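The sequence and the structure are shown first.

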Amino acid sequence: IAAATFGGMLLMLAALLVYRSCLKQREYNYTRVHHGLDDEEQEFKKTLESQTDEIDDLFNFGNDQELEFDASELEQIEILETYRSNLVAASGGGGAVADDG
């Protein structure tokens, strides 16, 4: 029993030594990776950062802004809806054809 225990311990020690040598060998093969941004990427980042304010302003609806459609916009919407309905009806989609009046 003592011989088997001693043999098992030697086997575990050998496995540990092989594992450590593999770790050391892998450590020497490590190449450092540059994680910074190059000039083009930095310029792109600055551009995006400057545009975020402009994009946020597009969705900033204050009380002073008019949010209703005027007559010409409503007419354009009606024309587009008529056109869409006609396309659906022509393709056999089962939609009703809108009047052109």
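The paragraphs below cover confidence, fold, surface patches and a salt bridge.

The model is predicted: local features need a pLDDT of at least 70, side-chain atom pairs count only at pLDDT 80 or more, and totals for chains, interfaces and linings use all residues. Residues are numbered from 1 along each chain as its sequence is written, and side-chain values use heavy atoms, with hydrogens and water left out.

The pLDDT, the predictor's confidence in each residue from 0 to 100, averages 79 over the protein, and 70% of the residues score at least 70. Confidence is highest in helix H3 (residues 71-90), at a mean of 92, and lowest in helix H2 (residues 39-58), at 78.

The secondary structure consists of three helices and zero strands, which gives the pattern α-α-α along the sequence. Helices (H or I, at least four residues) and strands (E, at least two) are DSSP runs numbered from the N terminus.

Of the 101 residues in the protein, 2% are buried. Buried means under 20% relative accessible area, exposed over 50%, and partly exposed in between (1.4 Å probe, protein chains only). The protein exposes about 9900 Å², of which carbon and sulfur atoms supply 58%; accessible areas come from the Shrake-Rupley method with a 1.4 Å probe, and for residues only the protein chains shown count as cover.

Two surface patches can be described. Patches are made of residues with over 30% relative accessible area and no salt bridge, with like charges joined within 9 Å and nonpolar side chains (Val, Leu, Ile, Met, Phe, Trp, Tyr) within 5 Å. The nonpolar patch comprises Phe6, Leu10, Leu13, Leu16, Leu17, Tyr19 and Leu23, together about 710 Å² of accessible area. Leu10 belongs to helix H1 (residues 2-28). A patch of negative charge gathers Asp38, Asp39, Glu40, Glu41 and Glu43, and Asp38 lies in the loop between H1 and H2.

A salt bridge is a side-chain nitrogen of Lys or Arg within 4 Å of a carboxyl oxygen of Asp or Glu. The count by this rule is one: Glu81 and Arg84 meet through their side chains at 2.7 Å, N to O. These two residues are three apart in helix H3, so about one helical turn separates Glu81 from Arg84.

| Residue | Relative accessible area |
|---|---|
| Leu10 | 44% |
| Asp38 | 42% |
| Glu81 | 39% |
| Arg84 | 44% |

Technical notes:
Lys and Arg count as positive and Asp and Glu as negative; His and the chain ends are not counted. The place of a charge is taken as NZ of Lys, CZ of Arg, CG of Asp or CD of Glu.
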